[in-house]
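Okay, hi everyone, thanks for coming. Please have a look at the model on the screen, and then I'll walk you through a few spots in it.

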Amino acid sequence: MAFFKKFLEQQNDDKGFKPAPFETGYFGTVKAGTNFNAQNDAEKLKKAIETKGVDEATIVEVIAKRSNAQRQQIKAAYQQSTGKALAADLKKALKSDFEEVVLALLMTPPEYDAFEMKRAMKGLGTSEAVLNEILGTRSNKEITALKTSYKEVYGELLEENIKSEVKGDLETTLLALCKATRSEDSNIDEGLAKSEAKALFEAGENRIGTVCSVLIDILTNRSEAQLCKILQCYAQLSKDGLAKDLEGELHGSFEDCLMTLVKGAWNKPAYFAERLHLAMKGLGTNTDTLTRIIVSRSEIDLLKIMQEYKRMYGKTLQEDILKETKGDYEKIMLTICGAP
């Protein structure tokens, strides 16, 4: 099948999707600020906002060099001392992409995920790629927190909004991921991997309609470790992918969603590196994607994403940010990436 063939071809490429090595430790680029004082930071931000023309440099220094937990304390201190919401004051003072990043950094991770999901489904048309990226790469705990935040902030159920915006196999897949019941067991069942790889192969060989339900079931229920084993077993069954009559059966947003699950299981930092590269490739830069990935991964695995970016594209993520962005937006993005 073209879907798996595409992925397997990328694996064989030196700069393609290599399995991620197992490592433990902290791989975020943003660390908690030392000698932290929330009240002092709140005061600095108040002055920066009130300065004629706004002191963006101080805003970058304070917001981008504190952990998310520290930013929540700064918000509380600002509210207490001024009687106003920090996010609202910054929204009035700033503009454009720089404003977007600052406001994103002020939200808790579940709030930001909920905000991005809501924005993806707002107005005419739905940005399925954003739904796929978020639901396809978050842990069960993160998805549960996202759903709670979505309900608290928007007074709506995430699942109901997805049902009204997305249809068909993509809807089925996203709703399955929304359940946040996917296995997270790191132990691998080799026998099950072989039988499920065979089930995928046979589903494709025999009936086009079957393969989608089999794919959805396996990709939304198996752990990432188990999924990697299934992919390895599958590659032994058929070097060319599943039956050729399936070519074209999977396409568009549904294929993108399944590819997100496969690539995320195989090497999540490489998946995000590819998304960042595509956001900056060609004419114009998709700053929404750039901001969302860099902010949301800044305290998780941005260091690993940067390593994969260099391996896959032969240049650093910072080099491309410098080339594709400018002004205060460029400065805050580079600061999040670890620039002093």
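So, how many disulfides does the structure hold? It holds 0 disulfides, where a disulfide is a pair of cysteine sulfur atoms within 2.5 Å. Before I go on, a word on where this comes from: it's a predicted model, where local features need pLDDT of at least 70, side-chain atom pairs count only at pLDDT 80 or more, and totals for chains, interfaces and linings use all residues. Residues are numbered from 1 along each chain as its sequence is written, and side-chain values use heavy atoms, with hydrogens and water left out.

C233 has a relative accessibility of 8%, so it counts as buried. Buried means under 20% relative accessible area, exposed means over 50%, and partly exposed is in between, with a 1.4 Å probe and protein chains only. C257 is buried as well, at 1%.

Next, salt bridges. Side chains of opposite charge can pair when their charged atoms come close. Here, a salt bridge is a side-chain nitrogen of Lys or Arg within 4 Å of a carboxyl oxygen of Asp or Glu. Searching the whole structure turns up 25 of them.

One of them joins D41 and R66, at 2.6 Å from N to O. D41 sits in helix α2 (residues 38–50) and R66 in the loop between α3 (56–63) and α4 (68–82), so this pair ties together parts that are 25 residues apart in sequence. By the way, helices are DSSP runs of H or I with at least four residues, strands are runs of E with at least two, and both are numbered from the N terminus. And are D41 and R66 buried or exposed? Both are buried.

Compare that with D89 and K84, whose side chains meet in a salt bridge at 3.7 Å, N to O. In this pair D89 is buried, at 8% relative accessibility, while K84 is partly exposed, at 42%.

E159 counts as partly exposed, at 22%. There's also a network: salt bridges that share partners join E100, E116, R119, E133, R275, D288 and R292.

Now for how α10 packs. Its axis and that of helix α11 (residues 168–178) come within 10 Å and cross at roughly 175 degrees. Axes are lines fitted to C-alpha atoms, for helices over the stretch in contact, and angles run from 0 to 180 degrees between N-to-C directions. Angles over 145 degrees count as roughly antiparallel, under 35 as roughly parallel, 65 to 115 as roughly perpendicular and the rest as oblique, so α10 and α11 are roughly antiparallel to each other. The contact (heavy atoms within 4.5 Å) is made by L158, E159, I162 and K163 of α10 and E171, L174, L175 and C178 of α11.

Last stop, two threonines. T260, in helix α15 (residues 252–280), is buried at 1% relative accessibility. T148, in helix α9 (residues 140–154), is partly exposed at 40%.

That's my tour, thanks!
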